[in-house]
Amino acid sequence: MRKPREEMIAETRAKLIAAGRRAFGTVGYADASMDDFTASAGLTRGALYHHFGDKKGLLQAVMREIDAEMTVRLNRISAAAPNRWQGFVDECVAYIEMALEPEIQRIMFRDGPAVLGDVSQWPTSRGCIAALSRSIDQLKAEGTMAEIDTEAAARLINGASSHAALWIANSDDPEDTSKRAVRGFRTVLDGLRAKA
């Protein structure tokens, strides 16, 4: 029996994303050949163009998939914390530390900005700002965070964490840079705590 068309489309997209992710994660965007990843997926260039438009479109799809996985991991980290403030801090720090992971480092924090430009303009940034805003509103409501404009705080925290991750990803010594970035970021967040 033949598979339904929607299922075949979803499988084709998934194969191309998986092949693109492997290629982008190992050799990087610039050296990844469309012929290599379409061949490894058992598909044609036509399938790639049909589903993603071009190599850049495939990179965006790969980045959306990785971003969704990062979000799940970050939500688990914040949920495991003993309180909302610690969950917020742990989630922000974990995001920065993800820049040490080779696939995330290369795709999200090296090739992503090189190909797609300013991180703050990516489609996923709106979701990050919204999630941070919800967390900040909750922390302010319970009296844990100082009174601060929610959107300003969300954008500042998002910008600081994104740039810390970029700093780590492009550093000659990512481990040392990560430690320095996390120490500095914790100090910045601590300054946002409500004073007793």
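In this predicted model, the largest pocket has a volume of about 520 Å³. Its lining is made up of 25 residues, and the closest to the pocket centre are L74, E91, Y95, C128 and N158.

**Lining of the largest pocket**

- Two or more lining residues come from each of α4 (55–79), α5 (84–97), α6 (102–116), α7 (123–141) and α8 (150–169).
- Helix α7 gives the largest share of the lining, with 8 residues.
- Sorted by class, the lining holds 13 nonpolar, 9 polar and 3 charged residues.

**Aromatic pairs**

- The count of aromatic pairs comes to 3.
- F24 and Y29 form one of them, a tilted pair with 5.5 Å from centre to centre and 35° between the planes.
- F24 counts as buried because its relative accessibility is 0%.
- Y29 is also buried, at a relative accessible area of 15%.
- The ring planes of Y95 and F109 stand at 90°, with the centres 5.8 Å apart, so this pair is edge-to-face.
- Y95 belongs to helix α5 and F109 to helix α6, so the pair, 14 residues apart, links distant parts of the chain.
- Y95 has a relative accessibility of 17%, under the 20% limit, and therefore counts as buried.
- F109, at 3% relative accessibility, counts as buried.

**Charge over a ring**

- K55 lies over the face of Y29, 4.5 Å from the ring centre.

Definitions and conventions:
Residues numbered from 1 in each chain as written. Predicted model: local features only at pLDDT ≥ 70, side-chain atom pairs only at ≥ 80, totals over all residues. Heavy atoms only, no water. 1 Å grid on protein atoms, 1.4 Å probe; cavity = no way out; pocket = protein on both sides within 12 Å on 5 of 7 lines; lining within 4 Å. Points joined across faces, edges and corners; volume = space filled by probe spheres on them. Helix = DSSP H or I, 4+ residues; strand = E, 2+ residues; numbered from the N terminus. Nonpolar A, V, L, I, M, F, W, Y, C, P; charged D, E, K, R; others polar. Phe/Tyr/Trp six-rings, centres within 6.5 Å; stacked < 30°, edge-to-face > 60°. Buried < 20%, exposed > 50% of the residue type's maximum accessible area, 1.4 Å probe, protein only. Lys NZ or Arg CZ within 6 Å of the ring centre and 35° of its normal.
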